[in-house]
Amino acid sequence: MDAQLKASSGLTDAGTTFRFPLPKKNYDDLRAETMVPRILVVLDMPSEAADWLVVDESNLVLRRCAYWASLSGMPDNDNATTVTVDIPKANRFDPDALADLMERARRGALT
């Protein structure tokens with residue numbers, strides 16, 4: 001499985017999803033049919049840069065949460081520069097989700 005990683009300090013809340021403006025080239029790359037499944041992972045960061053990351057001798061803490069979406073099979077889009085995609089709030093990118101995504105990719109069931 002391949003992942004395109006992005007970060008934003010201002011995801012647009014759209015009810016059960018977040019809206020994220022993705023460069024058109026990235027949209028086209030992520031929606032293309034490939035042998036290796038691809039997902040988009042977006043980190044919702046705090047607005048203040050000083051709050052993004054905490055590091056000490058025993059911890060590396062990245063603040064807020066990341067979410068994933070599969071764009072496989074999404075339609076072509078006529079926009080020239082960006083395509084706004086919906087990322088389900090239920091698709092939190094955490095260790096359990098990663099394990100599930102890897103298993104689904106292994107079975108060819110990641111869409």
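The legends below describe close-up views of a predicted model.

Local features are reported at pLDDT of at least 70 and side-chain atom pairs only at pLDDT 80 or more, whereas totals for chains, interfaces and linings use all residues. Residues are numbered from 1 along each chain as its sequence is written, and side-chain values use heavy atoms, with hydrogens and water left out.

**Figure 1. Overall fold of the predicted protein.** The secondary structure comprises two helices and eight strands, arranged along the sequence as β-β-β-α-β-β-β-β-β-α. Helices (H or I, at least four residues) and strands (E, at least two) are DSSP runs, numbered from the N terminus. Along the principal axes, the C-alpha atoms fill a box of roughly 45 × 35 × 25 Å. Of the 111 residues, 31% are buried; buried denotes under 20% relative accessible area, exposed over 50%, and partly exposed in between (1.4 Å probe, protein chains only). Among contacts (heavy atoms within 4.5 Å) between residues at least 6 apart in sequence, 66% join residues at least 24 apart.

**Figure 2. The open sheet β2-β3-β8.** Three strands form this open sheet in the order given, with antiparallel pairing; two strands pair if DSSP finds at least two bridges between them. β2 (12-13) and β8 stand at the edges with a single partner strand each, so one side of each lacks a neighbour in the sheet. β3 and β8 pair over seven bridges. Opposite I87 in β8 stands F18, and opposite P88 in β8 stands T17. The covered face of β8 consists of V83, V85 and I87, while T82, T84, D86 and P88 form its uncovered face.

Figure 3. A nonpolar core is a set of buried Ala, Val, Leu, Ile, Met, Phe, Trp, Tyr and Cys residues joined through side-chain atoms within 4.5 Å. The largest holds 15 residues, of which F20, L22, L40, V85 and I87 touch the most other members. Two or more residues each come from β3 (17-23), α1 (24-31), β4, β7 (65-69) and β8 (82-88). A second, separate core has ten residues, including L43, M45, A66 and L101. With neighbours within four places in sequence set aside, V85 is in contact with F18, R19, F20, L22, Y27, L40 and L71.

**Figure 4. The nonpolar surface patch around W52.** W52, L53, V55, L60 and L62 make a nonpolar surface patch of about 510 Å². β5 (53-55) and β6 (60-62) each supply at least two residues of the patch. W52 lies in the loop between β4 (38-44) and β5 and is partly exposed, with a relative accessible area of 33%.

**Figure 5. The loop residue N91.** N91 is located in the loop between β8 and α2 (95-107). This residue, N91, counts as buried, at 17% relative accessibility. Beyond its neighbours within four places in sequence, N91 is in contact with A66, Y67, W68 and A69.

Methods: Patch = residues over 30% accessible without salt bridge, like charges linked within 9 Å, V, L, I, M, F, W, Y side chains within 5 Å. Areas by Shrake-Rupley, 256 points an atom, 1.4 Å probe, with all protein chains shown as cover. Salt bridge = Lys/Arg side-chain N within 4 Å of Asp/Glu carboxyl O.
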